[in-house]
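Let's take a friendly walk through this structure, from a helix and its ends to the ligand and some backbone details. Keep the 3D view open as you read.

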Amino acid sequence: MEKLEPISISLDIEEAKNKLRTGDWDQIQTLLEVAKPLISAKAVYEICYIEEKLEDTVIIDGIRLSSRVLRKNLEKVGRVFPYVITIGANLEQKADLCMDLLEQYYLDTIGNIALLKARKHLEDHLHSRFAIDSLSYMSPGSLVDWPIEEQRPLFSILKGAEASIGVKITENLLMIPRKSVSGIYFPTEITFYSCQLCPRQSCEGRKAKYNEDMAREYGILK
Ligand code: SF4
C-alpha cells in the first residue's frame with residue numbers, strides 16, 4: 001500500500017470566498033487559522049491490475065466490483081488506483097463541539113476545501129509518478145449504478161487503510177473520519193465525472209452537467 005503523509009495543505013481566504021460566496025470574512029479568516037493545525041491530510045492508494053472483466057463487473061485483487069459504469073470506464077484500462085484520502089478527525093471534532101451553527105458550517109466548509117486540496121495532491125502525485133496525462137475517478141455511492149454497499153469490496157482491496165491512515169467504514173458504510181473520500185482512479189482520454197450521469201438537481205458538489213445521451217450510452221437510462 002502506498003502512503004502520502006503528511007500532505008501539506010495551504011488554506012487562504014480567497015478559496016473560502018469562492019466556495020462560500022457570502023459570509024463574515026473576518027470570522028472566516030479567524031476560523032481558517034483555527035482549522036490549519038487541526039488538519040492532518042494523508043492518503044493511501046494501491047496499484048492494482050484488473051484480473052477479469054465480466055459483463056457489469058471487474059475483478060481486482062480477487063475482489064468483485066459491480067458497476068456497469070465502472071466496467072465501461074475500464075474497457076481499455078489495465079491498471080487502476082483504489083484510494084482513500086482523509087484530513088483526519090480533529091477538525092470535525094472541533095466543529096461538532098461548536099454551539100454556533102454558522103461557525104460549524106464554516107468549519108465544515110473549510111474541511112471540504114482541505115479535502116479537495118488533498119485530492120488534488122494525490123492526483124498530481126499519480127500524474128507525475130505514473131506519467132499519466134489524464135485521470136478520472138469513481139466513488140461508491142455517487143451513482144445508483146455503483147451503490148454505497150460497494151465500499152465493502154473497495155475497502156477489502158484497501159484493507160490496510162485503517163492501520164495506515166486511520167480510515168475505516170462503519171456498519172452503515174460511512175467513513176470515519178467523516179472528512180474522508182474513497183474510490184478508484186483510472187486513466188482516461190477524456191475526463192469522466194459521475195455527475196454527467198447523475199440527474200440530481202441543486203447539488204452544490206456538481207462538477208459537470210448531466211448528460212442524458214451519455215446516460216443512455218452507459219446503459220443506465222433506457
Ligand atoms: S451531481 Fe452531486 S450527487 Fe450527483 S454525482 Fe455529482 S456530486 Fe454526486
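We can begin at the N-terminal end of helix H5, which Asp-100 caps: one of its side-chain oxygens lies 2.8 Å from the backbone nitrogen of Leu-102. A polar contact here is a pair of N or O atoms within 3.5 Å; within protein, one must be able to donate a hydrogen and the other to accept it, and residues adjacent in sequence count only if both atoms are side-chain atoms. Helices (H or I, at least four residues) and strands (E, at least two) are DSSP runs, numbered from the N terminus.

A word on the model: it is predicted, with local features needing pLDDT of at least 70 and side-chain atom pairs counting only at pLDDT 80 or more, while totals for chains, interfaces and linings use all residues. Residues are numbered from 1 along each chain as its sequence is written, and side-chain values use heavy atoms, leaving out hydrogens and water.

H5 itself covers residues 101-130, and its 30 residues reach 43 Å from first C-alpha to last, close to the expected 44 Å (1.5 Å times one less than the number of residues). Just after H5, Ala-131 takes a positive phi of about 50°.

Now to the ligand. Around it (a heavy atom within 4 Å) are Ser-142, Cys-195, Cys-198, Arg-200, Cys-203, Gly-205 and Arg-206. By class, this shell has three nonpolar, two polar and two charged residues, where Cys counts as nonpolar, Arg as charged, and Gly as polar.

The structure also holds eight aromatic pairs (ring centres of Phe, Tyr or Trp, its six-membered ring, within 6.5 Å; planes under 30 degrees apart are stacked, over 60 edge-to-face, the rest tilted). One of them, Tyr-83 with Tyr-137, is edge-to-face, at 6.4 Å centre to centre and 90° between the planes. Tyr-83 sits in strand E6 (residues 79-86) and Tyr-137 in strand E7 (residues 135-138), so this pair ties together parts 54 residues apart in sequence.

| Peptide bond | Omega | Where the proline lies |
|---|---|---|
| Glu-5 to Pro-6, cis | near -5° | Pro-6: strand E1 (residues 2-7) |
| Ile-176 to Pro-177, cis | near -5° | Pro-177: loop between strand E9 (175-176) and strand E10 (180-187) |
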